[in-house]
Amino acid sequence: MSRQHKIAIAIFCVGVLLCGIGAGVAFTEFGALAYGGRQILGETDMRTTEIDVAFVPKKDEKTLIVGARAAYAAGIGQVCTDASVPPGTVRFQVTYNGKRVEPFADYEEASDGDTFDRIEFSWYWRGAEDETALMMAAKDIVLQNLKEGKIVSLDTVDVEKVTVLVNPKNEDDVRIVY
């Protein structure tokens with residue numbers, strides 16, 4: 001074996017040893033991190049509002065409440081009944097961040113190609129916060145928490161909760177579609 005081969009094997013072995021040491025240090029440091037909880041980015045102006053949407057109940061068809069993105073994000077799962085809601089009305093009780101979004105709901109009767117009437121629930125983005133500023137704030141929070149030995153979940157609040165209410169007489173007239 002030539003001298004160059006011996007030097008190459010030695011360099012390879014030292015490289016493997018250093019990689020092993022580096023991996024061990026990385027796993028030790030990562031194992032020492034604790035979960036620091038959830039932190040909210042940006043400003044919040046939490047509001048709760050009610051949006052009433054009148055609809056025309058049909059005898060053999062249900063009115064669909066749609067808004068896949070909105071429903072999924074806000075955790076809408078079922079329609080609840082409340083006697084204080086007027087008959088022929090769907091009431092959305094919405095808790096949202098007024099700095100980022102404005103919720104809305106619209107009723108559309110079935111058109112030529114549609115079979116069902118629809119009530120669409122969603123929200124408009126206000127665009128009050130600069131996404132780049134949020135990203136830089138997130139970077140600062142992550143780095144500060146890493147210095148303290150914590151990992152945090154970062155989130156922005158748009159719509160926190162949506163409850164869909166109808167009069168008990170209209171319970172069978174509507175359904176949620178995602």
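Contact here means heavy atoms within 4.5 Å. On that basis, residues 24 or more positions apart account for 85% of the contacts in the protein with a separation of 6 or more. This is a predicted model: local features need pLDDT of at least 70, side-chain atom pairs count only at pLDDT 80 or more, and totals for chains, interfaces and linings use all residues. Residues are numbered from 1 along each chain as its sequence is written, and side-chain values use heavy atoms, with hydrogens and water left out.

**Overall form**

- The protein has three helices and ten strands. Helices (H or I, at least four residues) and strands (E, at least two) are DSSP runs, numbered from the N terminus.
- Their order along the sequence is α-β-β-β-α-β-β-β-β-α-β-β-β.
- The radius of gyration, taken over C-alpha atoms, is 27 Å.
- The C-alpha trace spans about 90 × 35 × 25 Å along its principal axes.

**Surface and burial**

- Of the 178 residues, 30% count as buried. Buried means under 20% relative accessible area, exposed over 50%, partly exposed in between (1.4 Å probe, protein chains only).

**Nonpolar core**

- The largest nonpolar core holds 20 residues. Such a core is a set of buried Ala, Val, Leu, Ile, Met, Phe, Trp, Tyr and Cys residues joined through side-chain atoms within 4.5 Å.
- Ile65, Val90, Phe92, Val94 and Val164 touch the most other members.
- Elements giving two or more residues to this core include β5 (89-97) and β9 (159-166).

**Pairing around β9**

- β9 is mostly covered, with six of its eight residues buried.
- β5 and β9 run antiparallel, joined by seven bridges. Two strands pair if DSSP finds at least two bridges between them.
- Gln93 has Thr163 in β9 as its bridge partner.
- β4 (residues 79-81) pairs with β9 in the parallel sense over three bridges. Thr81 stands opposite Val166 in β9.

**The open sheet**

- Four strands form an open, mixed sheet in the order β6-β7-β3-β10.
- β6 and β10 are the edge strands, each with a single partner, so one side of each has no neighbour in the sheet.
- β6 pairs with β7 in the antiparallel sense over eight bridges. Asp106 has Glu120 in β7 as its bridge partner.

Key
The radius of gyration is taken over C-alpha atoms; the globule rule is 2.2 Å times the number of residues to the power 0.38.
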